[in-house]
Amino acid sequence: MNTTQVLNRLYFKSRQKAIARYATDSKRIQQYVLRKLLHRARKTEWGKEHGYEDIETYEQFVSSVPVNTYEELKGYIQRMREGESNVLWRGNIRWYAKSSGTTNDKSKFIPVSVDGLKKIHYLGGRDCVSCYLALNPKSNILRGKSLILGGSHTPNLNTPKSLVGDLSAILIENVPKAVNLTRVPNKKIALLSDFEKKRDQIARVALNMNITNISGVPSWMLSVLNRVLELKGTDNIAEVWPNLEVFFHGGVAFTPYREQYKSIIRSDKMHYMETYNASEGFFGIQDDLNDPAMLLMIDYDVFYEFCPMTDLGEDGYPLSGAKIVPLWDVEIGKNYAIIISTSCGLWRYMIGDTVKFTQKDPYKFVITGRTKHFINAFGEELIVDNAEKGLLQACVATGAQVKEYTAAPIFMDANAKCRHQWIIEFKKQPGNLNEFSMILDRSLQAINSDYEAKRYKNVTLQPLEIIVGREGLFDDWLRSKGKLGGQHKIPRLSNTRQYIEELLEMNKKAE
């Protein structure tokens with residue numbers, strides 16, 4: 001019995017048994033989570049305002065607490081950042097995960113409590129290993145090092161009693177000491193704010209280590225791996241780290257990067273395992289490598305609700321009379337916006353992501369997009385999930401590889417024609433861009449009936465347009481925003497032209 005098998009038996013078997021109960025006890029587990037959250041927050045300012053002492057059922061919770069976005073909680077969070085205790089959650093919260101902004105603010109600051117770290121985020125990290133070992137009982141993952149890529153944090157000068165940073169940086173800063181014995185790089189390198197400097201130092205430190213697993217956002221991890229290849233003078237990561245066996249990835253869809261990873265990690269024993277770890281919480285883990293759907297983690301400090309996308313207004317907020325449901329009332333195959341209540345003090349909070357359930361008992365889902373990252377300028381209702389599937393089909397048919405992309409509508413050009421405009425930075429360009437465009441367009445029509453209807457005989461929408469982005473365009477755009485590295489993401493789809501116009505201008509200047 002190897003080291004990994006011994007540790008699996010000692011530390012992970014009991015957790016695997018608990019996760020197995022998701023298949024039979026999901027409603028009871030989620031009801032218990034809600035009761036626990038309400039009890040622990042009953043003496044907070046928010047708990048007193050909303051009568052938590054007297055709430056005993058889900059129905060009472062719904063009638064007492066409204067659905068919230070960041071705007072509704074912003075005032076409470078600001079006071080917490082300035083040092084006030086027992087506001088949205090018990091005690092004082094020192095850490096805040098910086099997330100993309102709202103209409104009125106450049107950034108959101110998501111509270112990350114000690115309870116949230118221990119009973120949401122770190123549980124998620126442990127369960128990634130638990131699920132992987134359940135799938136691979138002969139694994140040697142724990143006999144080597146973990147390369148974990150994260151962001152950075154800085155003191156918030158306006159509120160000296162709090163610290164702000166990427167969620168990944170907060171996790172690294174607070175991780176139990178035992179974990180630091182097996183992770184690469186050390187904390188000093190991991191928290192560097194200059195991504196290009198960090199990328200080089202991580203590659204140099206990890207180059208000659210026994211790396212068995214890697215974790216991070218696919219786009220940024222790919223950049224680190226390419227630097228490792230440059231330093232080693234090879235084109236195969238398996239030659240550098242022969243015992244590498246799994247990539248725990250999340251943050252962005254893996255589809256555009258899958259072929260690139262396969263081309264540089266040429267190993268039969270390599271696995272790819274998706275996770276759903278957001279600033280607001282850790283929600284899902286892929287527990288079957290042959291099924292892209294993820295298992296919803298229902299016994300953390302997260303109570304889930306779901307609003308059908310058809311019940312959302314153009315602002316991404318539930319319409320009056322929206323039928324918001326708890327987990328046990330969701331329907332298979334329906335698009336939902338996620339609403340969460342957590343031990344970080346987020347109450348009936350819309351995180352902005354959308355999902356579709358593929359099964360119940362246990363509940364498994366796929367991420368379909370964002371409540372605000374879609375194109376619906378002409379009634380086509382194009383979501384990120386559609387875009388990812390369409391691009392995959394175009395890449396398979398043409399041999400192309402997409403590195404980054406974004407798309408937005410052209411409402412009316414000089415000839416009074418409307419269409420979708422894409423900027424794509426290719427890792428490997430198709431031999432014929434027109435062919436790639438036609439395949440993508442046809443694929444989107446096959447995937448999305450609303451898009452197909454608007455494309456019918458070119459009456460509403462003309463064929464989509466693809467503009468090839470120069471090498472490094474999207475990295476340069478993120479750098480201009482101070483968002484290079486960490487967990488920062490490219491907005492894939494937008495109903496406005498704000499992002500695409502900035503990218504077009506940067507692309508034009510390089511010509």
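Colleague: Over how many bridges do β19 and strand β20 pair?

Modeller: A quick word on the ground rules: this is a predicted model, where local features need pLDDT of at least 70 and side-chain atom pairs count only at pLDDT 80 or more, while totals for chains, interfaces and linings use all residues. Residues are numbered from 1 along each chain as its sequence is written, and side-chain values use heavy atoms, with hydrogens and water left out. Strands here are DSSP runs of E, at least two residues, and helices are runs of H or I, at least four, numbered from the N terminus; two strands pair if DSSP finds at least two bridges between them. β20 covers residues 419-428, and its antiparallel pairing with β19 runs over nine bridges.

Colleague: Which residue in β20 is the bridge partner of Pro-409?

Modeller: Let's look at two of the bridges. Glu-404 has Glu-425 in β20 as its bridge partner. For Pro-409, the partner in β20 is His-420.

Colleague: Which strands stand at the edges of the sheet?

Modeller: The sheet is open and has three strands in the order β19-β20-β21, with mixed pairing. β20 and β21 run parallel and are joined by four bridges, and one example is Trp-422, whose bridge partner in β21 is Ile-466. A strand with a single partner has one side left without a neighbour in the sheet, and so the edges are β19 (401-410) and β21 (465-468).

Colleague: How many of the ten residues of β20 are buried?

Modeller: Buried means under 20% relative accessible area, exposed means over 50%, and partly exposed lies in between (1.4 Å probe, protein chains only). By that rule β20 is mostly covered, and its buried residues number eight.

Colleague: Is Lys-417 buried or partly exposed?

Modeller: Lys-417 sits in the loop between β19 and β20. Its C-alpha atom is 9.2 Å from that of Asn-458, although the two are 41 residues apart along the chain. Because its relative accessibility is 38%, Lys-417 counts as partly exposed.

Colleague: What stands opposite Phe-306 in β14?

Modeller: Strand β12 (residues 302-308) pairs with β14 in the antiparallel sense over seven bridges. β14 itself spans residues 335-342 and is mostly covered, with seven of its eight residues buried. Opposite Phe-306, β14 places Ile-338.

Colleague: Which residue in the turn of the β14 and β15 hairpin has a positive phi?

Modeller: β14 runs antiparallel to strand β15 (residues 349-359), and five bridges join them. One of the pairs is Ile-339 with its partner Met-350 in β15. The hairpin leaves six residues between the two strands, and the turn residue with a positive phi, about 90 degrees, is Gly-345.
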